[in-house]
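Please consult the sequence and structure shown below.

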Amino acid sequence: MKRLVFAILLAMVSSTALFAMPAPSKSDPLAILLLDGQSGGPYHAWQLTTAVLKKELEDAGLFTVTVATSPKFGEDFSAFKPDFNKYQAIVLNYDAPDWPADLREQLESYVKNGGGLVVVHAADNSFPDWPAFNQMIGIGGWRGRTEKSGPMWYFKDGKLISDDSPGSAGSHGNRLPFQVETRAPEHPIMKGLPHVWMHGADELYATLRGPGQNMTVLATAHSDPANHGTGHDEPMLMVLNYGKGRIFHTTMGHDVAALSCAGFITTYQRGAEWAATGHVTQKVPADFPTAGSVSLRVEIAKMDPGFLNGPPPRPEPFDTVAYAALFAMKKRAEELGIGGVAVVAYFQGDKIESWSSKMLVIGRMRDEPSDTNKGANLIGIAYAKAVEMADTLKDSGSQVRPPMTGEFGWKGGVIVRGKNGYLIAAFSGGKSEDDVKISTAGIEQLKTGL
Ligand code: ZN
């Protein structure tokens, strides 16, 4: 009897293993370059997720993966020269505001000439002002994207529609499991997958905007208004063409836990093969999630050292939007040709007792002293505007009362009441009316999350 049980168990294990194995490849492994090194904030821990994304490709048995880590934003890029043409596809676990022109041109020509590109989650936050990149990804979010970046794209009544109503791009609710619905069942990446399957807890990206050209949405998910959602069926998986190149774009994969979903892993492995070759040879694994239950791979989830301590604490909502707000202010300042200091702050309730704030130096933080001028500390001025607003609850320079010591009474800061407290943005470095424009750009982003 024991032997029989053992035999049955063995049969179960080996059939599972057979299903889980990729089809054997007769050709050489596909060379993949996985790019990381920058993110919008510590909540996108590429230091952890790159190892996962690399392992998942290697587990498919079809790929060899090389990792290239770029310098940080603002550092010297002159020695960073990945040779894109050595690879069949590039995976972007990478979210950067901008790149040197020569690097941008190299990626453009690589994809245009038939290179594959895989865009994972916040990689679609990157490069808001690089038109060719936005063509490649189809849609993106945050980093100051607005209706100027393109319409929102989502499914309505079974059809992909574009919606050019104004507003900032990029939002998500709390990380919960959600159903993913196939929209292109005949596409090689989707063939054989269930029509609906349950993705593990993840950020469900919504209100992404972009040109959306040469884009096929493979799968969507319903963005639930009960979880800060849009009520729309938002694109989750997309394929695009740019020149001769193929792009696979998944908006899923916020952290190691999300990346441990067998549904994420399967679509990512298949998407990478398709981007590299135009074909998919991989079978659907036996542990692919069903419509009603998530399927996580524990050996992947364990790659997050926090795994055994339970789910990580949620980042403060302020942190998540403050970076986006500061980058929106930077973008506006650059449009206006102004340098200076941006400050954003948030406090709960109607009376300040403590606040969260972040600051970004954009080009310069001080005006140098001269014989006739003692110079200016722009950080000090920006914070003085913010603290005046925290007391008066009016835009800075409102003159509702004379400026007190520590204030200047200068315009250039904006305050609004959010859902649970006050949102503050202040800029110093330009003319008052331009400082106000830049602060307003920051407030618009803060409003999306607070
Ligand atoms: Zn995320």
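Is α8 mostly covered or mostly uncovered? Helix α8 is mostly covered, with 14 of its 20 residues buried, where buried denotes 20 or more other C-beta atoms, placed from the backbone, within 10 Å of the residue's own. The model is predicted: local features need pLDDT of at least 70, side-chain atom pairs count only at pLDDT 80 or more, and totals for chains, interfaces and linings use all residues. Residues are numbered from 1 along each chain as its sequence is written.

**Domains**
- The protein divides into domain 1 (19–309) and domain 2 (317–449), with bounds from an automatic or database domain assignment.
- Taken over C-alpha atoms, the centres of domain 1 and domain 2 are 34 Å apart.
- Their contact takes 10 residues from domain 1 and 11 residues from domain 2, two residues being in contact if their C-beta atoms, placed from the backbone, lie within 7 Å.

**Helix α8**
- Helix α8 (residues 317–336) reaches 29 Å from its first C-alpha to its last, close to the 28 Å expected at 1.5 Å a residue; the expected span is 1.5 Å times one less than the number of residues.
- Helices are DSSP runs (H or I, at least four residues), as are strands (E, at least two), numbered from the N terminus.
- Gly-337, with a positive phi near 70°, follows α8.

**Asp-124**
- Asp-124 lies in the loop between β4 (116–120) and α4 (131–137).
- Asp-124 is buried because 29 other C-beta atoms lie within 10 Å.
- Beyond neighbours within four places in sequence, the contacts of Asp-124 include Val-119, Leu-208, His-249 and Thr-251.
- The C-alpha atoms of Asp-124 and Ile-139 are separated by 7.2 Å, at 15 residues apart along the chain.

Definitions and conventions
Buried ≥ 20, exposed ≤ 12 C-beta atoms within 10 Å, placed from the backbone.
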